[in-house]
Amino acid sequence: IWANRVRDTRPKSARPRRRSRWWIGALGLILLAAILMKTSLVARIAGTTLQTLAEAALGEEVTVGGVTLSYFPLEIGLEGVVVASRANGARIVGVQSIHARLGVKEWRAGLVRLTVNAPDVHLHLDADGLREFRDAAKRPEGAPTSDRFPWMELVITDGHLLVEGDSLRVELDDLEVAPELDGRSDIAFARLEVDAGTIHQTAGPTRFKHVELAPDHVDAPAIDIRFDHLAVDGGLRVAPNGEVAGDLAVRMALPGFTTNGTDPRKFVDGVVDLDVHLSGATVSPFVDARIATSNVVWWRVDSHNLPVALLIGDLVGPLSFSGHTLRAEHLRVPWGEGVVDITADVDTASKAVEVSVRGEGLHLGRVLRQTGGFASPWVDFEADIEAHAVGSLDPFTLAGPFEVDGIDLIVRDGVYDGRADVMLDVPRGRLEGNLVVDATHIVLDAADVRFGPGHGSAWADIGFQAQGPLRLRT
C-alpha cells in the first residue's frame, strides 16, 4: 500500500514543477526580448528599416535621427525625421518627432494615435506640377482607395507649410490638428498668408471643427475663414478622385484684388457677394452661383494725372462655370437712369468672350457722366438698346452689331440738363450699325440713322477718360 501511495503521488508533484519551469522560461524570454528591444542595435535596425521603406514610398532621401520604444503605453517614436530632395539635397520636410501609439480602441486593435510634432514642409509648384515626390510609389491602377487612414487619431502640433511657385506663395503657420470624440478632427492655424501676383491676403487665427480626413475625401462642414478682403463661410466635401459637393458664401472687397501695383489710385471699389453651389467631378466641377455687387466704382487716372471714377452700379444675377466656360445669364445693372441686362460667355482657356446686352430707359447724358468720359455732356436722349459682340478678355476688345431706339434727342449749346439754348430737338429716332469697344473707348459706326424725317449715318468715338475724347461725325 505504501509503495502504491508513493507511486501515485510522484506524477502529481512533478506537474506543478514543469508548469512553473515553463512560465519561468516564457517570462525569461519576454524579459530578454524586452532587453533586446531596448538596445541601440535594435533601434538602429528599426531606424534603417523605416528609412528604406519611407524612401521607397516618397521617392526622396529620408533620414531618421533616432528611434525610441515604450511599453506603457506601447509606442514607437522617431526623432529628427528629415526628407530631402534626391535631386539637390534641399530639405523638403523636417519633423521634430513622430510617435505611433499601438493599442485597442472601440474594439479595434492597431495604430490608435499618430502624433506629429513640429512638422516643417516646403514645397514648390512648377508649371508641370509639384516639384517634389515625383518618384513616389504609385498606387496600382485599379486598386481601391481605402476609406480610412491606418491611424484612428491624428495629432499635429506646431506645423508649418510653405508652398512657392511662379508668382505664388502660400504660407501656413502654427497648424494644430486634434481628434474629436466622433472620430473627426479639429483643425486650427494661427496665420495663412497668400501672395498671388499683386494680390496679398492674410487670414488670422482660424479653426475648422468636425473635419473628416480620409484617404479618399475631406469633409469640412463648418468653414469660416476671414482674410483681409475676403470671407468664406459654408461647408465643402472634396474627393480628389471622385466628386465635390458644397455650398459657400463668399464676400469680396474689390480693392484688395484690383489695386494697381504701381499706382494705388487705380482700382475697383465696391463689394461682391457670391452664393456658390459646387457639384460634379472634382477635376472638372460645376459651379452654380448668384452674384450681387454693391457700390462698384472703377477708379482710373486721366491725362492730367487726376483720379476719375466710372460708376458701374449694382449688379445682380446668376453665374455658372463648367469646364472652361463661365456663363452669366441675365445679369441686371441699374445704369444711366435705366436698366441693363447682360448675358455673356467667357472661355477661360482662350479668353474668348461673347456678350449680348439689352438696355431699357438709358439716358445718354447720364451714361457719359457715369463713365467719366464727359463731365458736362451737351447731348442727351433716352434709349432702348440691343447689342451683340464677340472678342477677347486679353487684350480686352469687343465688336459687333447694335441697335438703338431713341426718344427725345436734345442738343444744347452747353450742358444738356442746364438752361443753354436748344440747338436740336428730335422726338424719336433709330440707329443701326456696328460697335468696337476696348479698354480706352467705344466707337459707334451707325450706317443707318433715322431721327424725325431725316435719314443718314453717324459715327461717334466716346473715350473713357475724364477729358474724353468725344468725337461725332454725321
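Predicted model: local features only at pLDDT ≥ 70, side-chain atom pairs only at ≥ 80, totals over all residues.
Residues are numbered from 1 along each chain as its sequence is written, and side-chain values use heavy atoms, with hydrogens and water left out.

**Stop 1: the whole chain**

Show everything as a cartoon. You'll find four helices and 27 strands; these are DSSP runs (H or I, at least four residues, for helices; E, at least two, for strands), numbered from the N terminus. Of the 474 residues, 34% count as buried, where buried means under 20% relative accessible area, exposed over 50%, and partly exposed in between (1.4 Å probe, protein chains only).

**Stop 2: Glu55**

Now zoom in on helix α2, residues 40-58, and pick out Glu55. Glu55 is buried, yet it has no salt bridge. A salt bridge would take a side-chain nitrogen of Lys or Arg within 4 Å of a carboxyl oxygen of Asp or Glu. The nearest side chain of opposite charge (Lys and Arg count as positive, Asp and Glu as negative; His and the chain ends are not counted) belongs to Arg86, 4.8 Å away.

Next, show who touches Glu55. Leaving out residues up to four places away in sequence, select Glu60, Glu61, Val62 and Arg86; contact here means heavy atoms within 4.5 Å.

**Stop 3: two aromatic pairs**

How many aromatic pairs are there? The count comes to two. Rings of Phe, Tyr and Trp (its six-membered ring) pair if their centres lie within 6.5 Å; planes under 30 degrees apart count as stacked, over 60 as edge-to-face and the rest as tilted.

Select Phe149 and Trp151. Their ring centres are 4.7 Å apart and their planes are at 10°, so this pair is stacked. Phe149 is partly exposed, at 28% relative accessible area, and Trp151 is partly exposed too, at 23%.

Then jump to Phe189 and Phe208, an edge-to-face pair with 6.2 Å from centre to centre and 80° between the planes. Phe189 sits in strand β8 (residues 185-189) and Phe208 in strand β11 (residues 206-214), so the pair ties together parts that are 19 residues apart in sequence. Color both by accessibility: Phe189 counts as buried at 9%, and Phe208 is buried with 16%.
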